[in-house]
Amino acid sequence: MRRVLLLAGSPRAGGVSLMLGRELLERMAGQGPAMEAQTLRVSGLLDAQEGRARLHAAFAWADTVVLSAPVYVDSPPAQVLKALEFLAAEPWRGEQPKRFCALFCCGFPEASHTDICLDVSRIFARKAGMEWAGGLGFGGSGALGGETLAARGRMAAPAVRALDLAARALADGRPVPIEARELAARPLIPKPLYLLLAESGFLAQAWKSRSLTRLGAQPFAEQ
């Protein structure tokens, strides 16, 4: 029986990164021997002793840990960094090896903004006594909108293929292949169109919050 822990790093309950993590686990469940999985949301987990105990127990239980999280200013969210530091403080020394895989998504169209996060994950795996199984970085995640990939049709085809390849490799005990990472990094829609849609969404939010005419305000500028 394989045991997989999904660490959901987004502060939002229905974020794109959580959707991607769940889709990866669904595909892993369809590959190889039977699999048991559990999901832990990282946000707020370390604020109480009970949460820290739950994280520690789930980490000890799993043979594969998958982290799915958004990118905040080219970095994992602060709560994710705290969780990784917490786990790395007591490196795994059990007889059975543990593997660590990471998925990151960012709102910028370029998936390269996830590179630092994947490097952080790789270094964490080494410090925590785990095997680094590779990861995927998705750009332009705003186009996915938190729905399932199937709901996005052909636009999401590269992401679907990337998760399929990653799931198959992880089930076979192999690291995530380069082809999967390249597919994940492929733009979902042309960059100019994505930027146009993102700008439209930003202005719509400003209109709803009645701040459209104050976007250039500098309330903390020196008088």
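Aromatic pairs, to begin. A search of the whole structure finds 2 of them. Rings of Phe, Tyr and Trp, the last by its six-membered ring, pair if their centres lie within 6.5 Å. Planes under 30 degrees apart count as stacked, over 60 as edge-to-face, and the rest as tilted. This is a predicted model, where local features need pLDDT of at least 70, side-chain atom pairs count only at pLDDT 80 or more, and totals for chains, interfaces and linings use all residues. Residues are numbered from 1 along each chain as its sequence is written, and side-chain values use heavy atoms, with hydrogens and water left out.

Now the pairs themselves. Phe 100 and Phe 124 are edge-to-face, at 4.9 Å centre to centre and 70° between the planes. This pair links distant parts of the chain: Phe 100 sits in strand β4, Phe 124 in helix α4 (residues 115-127), 24 residues apart. Helices (H or I, at least four residues) and strands (E, at least two) are DSSP runs, numbered from the N terminus.

Buried or exposed, these two, Phe 100 and Phe 124? Both Phe 100 and Phe 124 are buried. Buried means under 20% relative accessible area, exposed means over 50%, and partly exposed is in between, with a 1.4 Å probe and protein chains only.

The other pair is Phe 100 with Trp 132. That one is tilted: 6.1 Å centre to centre, 40° between the planes. Again distant parts of the chain are linked, Phe 100 in strand β4 and Trp 132 in strand β5, 32 residues apart. Phe 100 has a relative accessible area of 1%. Trp 132 is partly exposed, at 24%. Phe 100, Phe 124 and Trp 132 form one aromatic cluster.

Staying with rings, look at Lys 98. Its charged end sits over the ring of Trp 92, 4.2 Å from the centre. The charged end of Lys 98 also sits over the ring of Phe 59, 5.4 Å from that centre. The rule here: NZ of Lys or CZ of Arg is within 6 Å of the ring centre and within 35 degrees of the ring normal.

Next, the sheet. What is the strand order in this open sheet of 5 strands? The order is β2-β1-β3-β4-β5, with parallel pairing. Two strands pair if DSSP finds at least two bridges between them. β2 (35-41) and β5 (131-138) stand at the edges with a single partner strand each, so one side of each is left without a neighbour in the sheet. From one strand to the next, the twist averages 15°. β1 and β3 (residues 64-70) run parallel, joined by 5 bridges. Leu 7 stands opposite Leu 67 in β3.

Helices on that sheet. Helix α2 (residues 49-61) packs on it, touching β1, β2 and β3. The direction of α2 makes about 155° with that of β2. Helix α5 (residues 157-171) lies across β1, β4 (99-105) and β5, and runs at about 175° to β5. Axes are lines fitted to C-alpha atoms, for helices over the stretch in contact, and angles run from 0 to 180 degrees between N-to-C directions. Contact means heavy atoms within 4.5 Å.

Gly 21, in helix α1. Gly 21 is buried, with a relative accessible area of 0%. Beyond four places in sequence, Gly 21 touches Leu 6, Ser 68 and Leu 103. Gly 21 and Leu 6 are 15 residues apart in sequence, yet 6.9 Å apart C-alpha to C-alpha.

Ser 10 lies between β1 (2-8) and α1 (16-29). Ser 10 is buried, at 5%. Its side chain reaches the backbone nitrogen of Arg 12 at 3.1 Å. That is a polar contact: a pair of N or O atoms within 3.5 Å; within protein, one must be able to donate a hydrogen and the other to accept it, and residues adjacent in sequence count only if both atoms are side-chain atoms. Leaving aside neighbours within four places, Ser 10 contacts residues including Arg 41, Ser 43 and Pro 70.

Ser 141 is in the loop between β5 and α5. Ser 141 is buried too, at 8%. What does the side chain of Ser 141 reach? The backbone oxygen of Cys 106, at 2.9 Å. Beyond four places in sequence, residues touched by Ser 141 include Val 16, Gly 107 and Tyr 194.

Last, Ser 112, in the loop between β4 and α4. Ser 112 is partly exposed, at 48%.
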